[in-house]
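Okay, everyone, thanks for coming. I'd like to walk you through some helix packing today, so let's get the picture up.

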Amino acid sequence: MLELKLCQLGYPLLSLMIFVPVLGAFLLLFVRNAAAVRWIALAFSVVEIGLCMPLLLNYDSSLAHMQFGESVKWISAWNINYTLGVDGISILFVALTTLLTTISIMVSWTAIQDRVREFMIAILFLEAAMIGVFASLDLFLFYLFWEAMLIPMYLLIGIWGGPNRLYAAVKFFLYTLVGSVLMLIAIIAVYFAAGRSFDVLAIMNHKFTLTFQFWAFAAFFAAFAVKVPMFPVHTWLPDAHVEAPTAGSIILAGILIKMGAYGFLRFSLPFFPDAAIAWTPAIMVLSVIAIIYGAYMAFAQTDFKKLIAYSSVSHMGFVTLGIFALNSQGLEGGILQMLNHGVSTGALFLAVGVIYERTHTRLIADYGGIAAKVPVYATFLLIITLSSIGLPGTNGFIGEFTILLGAFLHYKPYAVIASLGIILGAGYMLWLYQRIAFGKITNPHNEQLTDMNSREVIAALPLVALVFAIGLYPNAALRVMHASVSNLIQHVNAKVQSAPAVAQTLNTLIGN
Amino acid sequence: MSSMYQQVMQAMVPIAPEIVLITVGLMVLILDFIVPKEKKNVLGWISLLGLAGAAVATYKMMGIDLMFFSGTFHLDPFSTFFKFVFYTACGLGILLSINYLNIEDIRRGEYYALMLFATTGMMLMASAGDLITLYLGLELMALSVYILAGFMRQDNRSNEAAIKYLVLGAFSSGIMVYGMSLLYGLAGTTNLTGILSFLRGADLANPIIFLAMIMLVVSFGFKVAAAPFHMWVPDVYEGAPTSVTAFMSAGPKVAGFAVLLRVFLYALEPLHAHITTIIAGLAVLTMAVGNILALSQTNIKRMLAYSSIAHAGYALVGLAAGGPEGAASVMLYVCIYAVMNMGAFGVVIMLRRAGERGEEIADFSGLGKTHKTAAFLMLIFMFSLTGIPPLAGFVGKFYIFKSAIEAGLLWLAIAGVVFSAISAYFYLRVIMVMYMNEPKGSIALTTSPSLALALAISATAVIFIGVYPTDLLNYIARSSIWIR
């Protein structure tokens, strides 16, 4: 069903996108001057955005095929191939990755003064690995990129992070690693069950036995749930976000945590549809808990960054809710929400970074009334706040609305409770904005606050543009993903086995 | 007369590499009298030349699959593969030693000779087709390493290491010989092929067979440092000169696994189904002991000692899986392990300088700021030991767990990955100390061309095998076909 359409461009576009940052990183090894390092890193990340252009322009959104395909034999003894390809879902995240990486480099321009070269090398390696995760169509290759991402991210948090960075970095690493190694076992088991193949497209067409599906789904779930992060394995996220440097937070919130949800879409649903359906009620409950609990915790935070981190938990709950509604509204809404969250939360962390660089405090209580001093900044923060709340006309609205529509079709009670999350979201975000921007200036330090400079404005502009672009014309993104999403739903429906058989297997597994 | 001479010479061809190493070793011993004290490094380079000569001889005999000396000596792709690993381990060991010995003021030629003798012993172990040859090789290796461990005569810890290693090693050798004699009593032969054909027709429920097998498991378990026979490892690794520790953690351990594979997957193959559980249990225990005790170490040599115990555990997982795949995964694993572990010890050696031991993990503080290259190399080795792609350690673990799952030992594979996730904590701690702590005072590192070369070789290998293991895997697949 899903086919790999080979790259017709005459040059291996996806490989270029993966290896250009690696090349940049190697080049940086020989550059000593910090200013030159920044410019070279920025240049390479802009080249990446440039490479997105042929990718987006030549993508045929009427096809559900994997496009820009490349396949080379790699480790023949284990039947592992270097296979790349993107469909309407992954292409969006590849594009988002290149954008957020460039923004991360721009916001680190003056914030990172210590070991600039190492910092930029880590960012560029991270970019390569992230694009690799979205473009891999071989499970071994995917896992390689998935784990390789941990190294630069761990270093970003651990070296350039806040005071409690060591704890946060190790916690991030260990949580993710434990989930990932369980997935590794499942990947190997899938390899044998599918006739010794790591080929994602071939495995999608393989029908696994029900018992196998349940265990393998659980193992993949372990890896993806930690990454999303779903309740109750979300606790690494607030720590990691608070301690990470701004660039790290933007990438973490914008891309890394989307990978969990992407994993559900790319692997869990097509590989193990029966298990996915059987597990759906549990995942729905966890999603709703994440939505409400995340929002509730966000209310209690005194730290700007931690508040946004908990709001991420809440927003990602919407994403998983939409994905596991398993209908086109839910899935498309979920994917759109992933993009939106990448844009809005990326922008929110950018906003924190901008102000933190000036005041060196993240405590909400240290602010208040700064709107009068820094009008541009206050406007930017307002737009992003409204987008995060989901005000109609901004991107957040379309995503959450479509998700709730999808969830309402099959899971009314969950949709009803989840919609409470939107109200709570409006509450904590507006309250946050009020405490930061409005009122009188209570902290004398803020009297000397300077507004966003042109570099920061340039970094923020694309995100603001995306907030309105997706909000007013979501079809641009929806059209790209539509064929792939309907294909996914068709695939799941075609593969799924009769409900009684599933129920029976589930019962024997539980021991009834 | 001349034809007899030719015959003798021809008969010696299969053991040409061993003869080369022994000859060069003896030459080094003699030259030691002539070379002045401050020029002993020359002996190291001569030993390296000897290794290169032996490697060429082995290379010429690649692909041969024959038995010599009445079936006591296998010249087969399996032993050839291991010989290359031993050359690498010994070569890296010598490169690590050259400058280190000057700092420790060990200016003696015997050191290099003993390393060559130990390597010859390992080669005999890998080639052994007979329990006697096996024992001969093992003792040659073990005796040489006992002396090497105690080479710093003025240092109490070094003496302690040597004594501990000798006493426990002798004890385990005794158990091994007892097990071998029981096998001989039953089978009437010490030849591995003979034992195999005896076992094929024997009543496997015989408790004597079981007893002999257990004794072999225990004694080999001692040699590869499997729990609960690991007690000697931390003290010996900590006390021995660091260059010897590096060599010891790679060479003898790899040789131990060569023998384990040959004995348990070939000679005792009919028993494999009976001992899978025992070996799997040992593997879990070894991984648990190694990884959990490593968590609380503050001395880097002790931490690496426990880590080497843990890695023996992973390799045992492959042995429990058995069959050609299991054997191949163990071969891949031990060869990757040898390279990355010696690399890590190489960085530890860099911290050793006159008047400063540099063995505490805290001594690595701020290395990422003051010595970027050294810290980056250590980072690579630590992540590789953790098993994070795209580094070689990941490929090794992947193959081990893959063969375990293929053999139906899913639970063992799960235990393996869980323990390797735990291990991330103590490997990360080294990285954390290097990159995230402030430097304590000024650190001056000792570097030398030979040390740099050793580190460059191991780091390149770790990255290259991690990204492109294809050729190595194909070579190992060709070298492990002897297991039927």
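So, look at α14(B) first: it passes α17(B) in a left-handed crossing, and left-handed here says that the near helix is turned anticlockwise from the far one by less than a right angle, with clockwise being right-handed. Quick caveats: this is a predicted model, where local features need pLDDT of at least 70, side-chain atom pairs count only at pLDDT 80 or more, and totals for chains, interfaces and linings use all residues. Residues are numbered from 1 along each chain as its sequence is written, while chains are lettered from A and ligands numbered from 1 in the order in which they are written.

Helices, by the way, are DSSP runs of H or I with at least four residues, strands are E runs of at least two, and both are numbered from the N terminus. Helix α14 covers residues 323-351 of chain B and helix α17 covers 392-406 of chain B; they pack at about 160°, axes 9 Å apart. The axes are lines fitted to C-alpha atoms, for helices over the stretch in contact, and angles run from 0 to 180 degrees between N-to-C directions. That makes α14(B) roughly antiparallel to α17(B); the cut-offs are under 35 degrees for roughly parallel, over 145 for roughly antiparallel, 65 to 115 for roughly perpendicular, and oblique for the rest.

Who's touching whom? Among the residues that meet are Y333(B) and I336(B) in α14(B), and Y399(B) and I400(B) in α17(B), where contact needs C-beta atoms, placed from the backbone, within 7 Å. By class, that contact has nine nonpolar, five polar and two charged residues. Nonpolar covers Ala, Val, Leu, Ile, Met, Phe, Trp, Tyr, Cys and Pro, charged is Asp, Glu, Lys and Arg, and the others, Gly among them, are polar.

Now, α14(B) has another partner: helix α19, residues 449-467 of chain B, with the axes coming within 9 Å and crossing at roughly 140°. That makes α14(B) oblique to α19(B). This crossing is left-handed too. The contact includes G343(B) and G346(B) of α14(B), and A454(B) and S458(B) of α19(B).

Last stop, the two chains. Their contact takes 26 residues from chain A and 24 residues from chain B. On the chain A side, the largest share, 14 residues, comes from α7(A). That side divides into 22 nonpolar, two polar and two charged residues. Okay, that's my tour!

Note on methods. Two residues are in contact if their C-beta atoms, placed from the backbone, lie within 7 Å.
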